[in-house]
Amino acid sequence: MSKDLESLRDAFLTMPAGPPRVDCPQPAEIWEAAQGGLSPGRLAQVVDHLAACMACREAWRLASDLQESSPEVRAPDVIAPAANPWWPWAAAAAAAAVLVVAFALPGWGTFSRRPRPGAPLRGSMTGELQSLISETDLQPRNHLLLRWSPADRGARYRVHVTTRDLTEVAGAAGLDAPEFLVPEKSLASLPPKAALLWQVSASLPDGRSITSPTFVVRVR
Amino acid sequence: MLQQNESAFEELRRQLARSVSRICPGWLAASRDDIVQVALLRLVQICGQAERSEPYPSSYLRKVAYSAMIDEMRRLRRAREVALDPEHEDRPALDTGSNPERNRAGREIGRAIEVCLGGLRRERRMAVTLHLLGHPVGEIAKLAAWNLKRAENLVYRGLDDLRACLTARGLAP
């Protein structure tokens, strides 16, 4: 590689990355593009974006690095879930155990801050869908209305509500409004001040889907 | 059976953790466990929705871990938590050492490259961008579904255009 090309490359890849832009491709799309899995037309759009966005160039490089890297320790090529369908729930229970520990530790958090009211407990990775209800105030059991920030116009929502041990309490799909009234009867067996976890995903008109972090709500 | 499944779950976690640690930038090291946890939760959700019983290819696990990590990087940058930290303000996205003067000069050239790329013909821009991202001509041809000769032409003509633009801006490479 010529020296001037090397210095161009250095300059192009070492700028400080700013906050994401509204038109940044989803990580999964960058991953597919770096793997050669996009149509030439869409690839051209993604690369046009990379030419002007340092954060996405960094994301591209990381995708390429991970795709090229070979495992340090030879691992099985596939991870098989159990033959019976309990596997996701075992994984969920293990994940939930971390959530429970998280509740138990004051000041827990990625940055050792106390969670803000309404702030996501875990998995706050998208930022597009946020809870609009308090995580600390007790909500009425006979009118538990989950509300969240709307996604694009025409979005359809799916909601899951579970207990801390990830037992399904209620859920709905195909919602066109950013809210869900949890049926009172599905809350009947919960103890007072029970904490529930809920998560919403949105299918957007352009075919993308986004998923919220996991939120917490407490019922009287 | 339970033991077998627990071990599969632990292996799943290990694979996600390996993927994350392989590419996680140093400034994000404190969030590694969180990223792995989020990737696990995503798999649980996907698994639950699809009632999946087939194995996950390890390439898919890498993609899930990668997506969780990029989302976290974006979230942190969106929150400006890193940008507001003076210690990190001048830090380049990809770590190349800490020479502030070199970083400043590099930033100036980097911005000029972005501007110049914006003025290139589209196919040349695509070829040069991919080349600057580290892809050799053969890979560029494969990614863009061009033949090798065409990719080569686009890269070299595009680089010529880029150098001319930088020179015109007083930034001879």
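Predicted model: local features only at pLDDT ≥ 70, side-chain atom pairs only at ≥ 80, totals over all residues.
Residues are numbered from 1 along each chain as written, chains are lettered from A and ligands numbered from 1 in the order written, and side-chain values use heavy atoms, without hydrogens and water.

**Nonpolar cores**

A nonpolar core here is a set of buried Ala, Val, Leu, Ile, Met, Phe, Trp, Tyr and Cys residues joined through side-chain atoms within 4.5 Å. Buried stands for under 20% relative accessible area, exposed for over 50%, and partly exposed for values in between, with a 1.4 Å probe and protein chains only. The largest core has 76 residues, and those touching the most other members are A:L43, A:W60, B:Y66, B:M69, B:I113 and B:L162. Its main contributor is helix α3 (residues 58-78) of chain B, with 9 residues. Helices (H or I, at least four residues) and strands (E, at least two) are DSSP runs, numbered from the N terminus. Domain 1 (2-79) and domain 2 (103-168) of chain B each supply at least three residues to this core; the domain bounds come from an automatic or database domain assignment.

A:W60 has contacts in both chains. Residues up to four places away in sequence aside, A:W60 touches A:I30, A:A33, A:A34, A:L43 and A:L50, as well as B:Y66, B:L130, B:L133, B:H135 and B:L143. Contact means heavy atoms within 4.5 Å. Another core, of 28 residues, lies apart from the largest one and includes A:I133, A:V159, A:L175 and A:V217.

**Helix α6 of chain B**

The buried residues of α6(B) are B:V137, B:I140, B:A141, B:L143 and B:A144. Seen down the helix axis, they fall within an arc of 165°, so they line one face of α6(B). The arc is that of the directions from the helix axis to the C-beta atoms. Among the elements covering these residues are α2, α3 and α4 (54-68) of chain A, together with α5 (122-132) and α7 of chain B.

Just after α6(B), B:A145 takes a positive phi of about 60°, although B:A145 is not a glycine. B:A145 sits in the loop between α6 (137-144) and α7 (148-168) of chain B and is exposed, with a relative accessible area of 59%. A:K193, also not a glycine, likewise has a positive phi of about 60°. The place of A:K193 is the loop between β6 (179-182) and β7 (195-203) of chain A, and A:K193 is exposed at 58% relative accessible area.

**Salt bridges**

A salt bridge is a side-chain nitrogen of Lys or Arg within 4 Å of a carboxyl oxygen of Asp or Glu. By this rule there are 18 salt bridges over all chains. The table gives some of them.

| A:R42 | A:E29 | 2.6 Å |

A:E29 is in helix α2 (residues 27-34) of chain A and A:R42 in helix α3 (residues 40-52) of chain A, so the pair ties together parts 13 residues apart in sequence. A:R42 is partly exposed, with a relative accessible area of 29%.

B:K63 lies in helix α3 of chain B and A:E32 in helix α2 of chain A, so this pair joins two chains. B:K63 counts as buried at 18% relative accessibility, whereas A:E32 is partly exposed at 22%.

B:E10 and B:R13 are 3 residues apart in helix α1 (residues 2-23) of chain B, separated by about one helical turn. B:E10 is partly exposed at 34% relative accessible area, and B:R13 is partly exposed at 22%.

**Loop residue A:S134**

A:S134 is found in the loop between α5 (87-104) and β2 (138-139) of chain A and counts as buried at 19% relative accessibility. The side chain of A:S134 reaches the backbone nitrogen of A:D137 at 2.9 Å. Neighbours within four places in sequence aside, A:S134 is in contact with A:Q139 and A:V216.

Note on methods:
Polar contact = N/O pair within 3.5 Å; in protein donor to acceptor, adjacent residues only side chain to side chain.
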